[in-house]
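I opened this entry to record what I looked up, one item at a time. The sequence and structure come first.

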Amino acid sequence: MIHFNKPYLTGKETQYITDAVVSGKISGNGKYTQLCQYFFEQKYSFGKCLLTTSCTDALEMAAILINIKPEDEVIMPSYTFVSTANAFVLRGAKIVFADSNSENPNIDSNLLESLITLKTKVIVPVHYAGIACDMDSIMEIAKKYNLFVVEDAAQAIDSFYTGKDGIKRALGSIGHLSAFSFHETKNIISGEGGMLVINDKQFASRAEIIWEKGTNRSAFFRGEVDKYGWIDIGSSFLPSEVIAAFLWAQIEYLDKIQKRRKQIWSQYNEGLKKNEKDGDFKLPQLPDYATNNAHMFYLIFESLEKRNECIARLKNKEIYPVFHYLSLHKSPFYSNQYSGEDLIFSDLYSDTLLRLPFYYELSDDDIKLIIHTIKNE
Ligand SMILES: *Cc1c(COP(=O)(O)O)cnc(C)c1O
């Protein structure tokens with residue numbers, strides 16, 4: 001039996017969790033939280049990093065920080081996870097869904113200007129499969145219309161974008177704010193977990209307050225104020241040290257994890273190339289400006305029927321691939337609020353994209369079996 005995902009444990013998790021527990025400091029923002037945050041700030045040249053209990057929470061923090069009010073409009077792809085939209089809907093925003101590219105499920109940046117109105121406040125590019133969106137165009141448009149950019153970088157840890165200036169920047173370091181996920185289906189994990197990256201300094205001190213239930217507790221513990229109290233809205237967005245200790249064990253193995261995941265990705269790509277040539281399906285395409293963080297390997301079939309055939313063939317061998325998002329503009333929750341155009345590519349990916357099993361411990365033999373089964377050999 002080959003499942004779609006299997007969380008990888010480095011073996012150090014319980015050791016660091018024990019350390020956190022024994023040290024007596026198990027609430028948030030202790031040693032392990034700070035180790036993790038500092039690591040990401042240094043390694044990827046991120047602005048201030050704050051661990052959160054999920055990427056969903058990081059997106060909710062972003063919506064609060066940007067002061068989203070009822071009637072504000074937020075542009076994002078329809079082909080994304082519900083949290084990308086929910087975070088802004090919770091604050092009353094109207095979601096303006098954009099279509100995906102024809103080459104990959106990322107937002108089609110050529111459509112953005114036509115979707116901007118006087119009410120538009122934010123663009124949320126989602127780096128699908130960890131493959132960069134067209135960030136130069138998105139940032140230029142945001143600048144021109146005075147909008148914020150929140151990167152949904154949930155799948156994009158350790159992935160990069162090379163801009164027209166030739167500089168290679170980590171995804172998550174480009175937008176005003178960015179959100180990452182460490183959910184057990186992502187490259188590095190803490191069960192549930194996430195991180196908000198604050199690249200625009202104007203948000204830094206308020207972010208810490210919102211993170212700590214609307215109090216200036218963090219400044220108090222640094223000795224910057226002599227008492228702490230309620231000074232803004234906020235919630236309980238910070239994870240406990242137990243979660244951060246788990247994440248730290250994963251971070252230590254990040255390079256090793258990435259190396260293996262990239263091997264798996266290449267094996268799929270090499271093994272299935274010929275079928276792409278024969279027109280059986282399309283393989284992931286990386287724009288020149290994007291790197292591959294091997295978050296996911298997907299196939300795009302010609303039709304829903306062809307995808308179903310492949311799923312059935314794999315299930316017959318107890319291999320469990322999964323499809324992915326269903327266009328949010330057609331969802332039971334939002335479809336009656338959607339008044340925009342048809343989103344052809346978003347619907348196309350909803351019907352035809354299939355994700356293959358992908359996890360650290362997937363063996364070479366597993367991969368061979370999956371490839372043979374897909375090829376019907
Ligand atoms: C995983 C994911 C999320 C949600 O992450 P959580 O940490 O589970 O809240 C949001 N957006 C995208 C694109 C994701 O892949």
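Which atom of the ligand does a polar side-chain atom of Tyr-325 lie 3.4 Å from? I looked it up and found an oxygen atom of the ligand. I note here that I am working from a predicted model.

For Gln-155, I found an N or O atom of the side chain 2.8 Å from an oxygen atom of the ligand. For Lys-186, I noted 3.2 Å between a polar side-chain atom and an oxygen atom of the ligand.

Next entry: the surroundings of the ligand. I got 14 residues around the ligand. Gln-155 and Lys-186 are among the closest, a group that also includes Thr-56, Asp-152 and Ser-181. I sorted the residues of this shell by type and wrote down seven polar, five nonpolar and two charged. I also checked the pockets, and the largest pocket is the space that the ligand takes.

Last entry: the domains. The domain assignment gives me residues 13-252 as domain 1 and residues 254-375 as domain 2. I took the centres over C-alpha atoms and got 25 Å between domain 1 and domain 2. For the contact between them, I listed 45 residues from domain 1 and 37 residues from domain 2.

Definitions and conventions: Residues numbered from 1 in each chain as written. Predicted model: local features only at pLDDT ≥ 70, side-chain atom pairs only at ≥ 80, totals over all residues. Heavy atoms only, no water. Near = heavy atom within 4 Å. Polar contact = N/O pair within 3.5 Å; in protein donor to acceptor, adjacent residues only side chain to side chain. 1 Å grid on protein atoms, 1.4 Å probe; cavity = no way out; pocket = protein on both sides within 12 Å on 5 of 7 lines; lining within 4 Å. Sits in = over half its atoms within 2 Å of the grid points. Nonpolar A, V, L, I, M, F, W, Y, C, P; charged D, E, K, R; others polar. Domains from an automatic or database assignment. Contact = heavy atoms within 4.5 Å.
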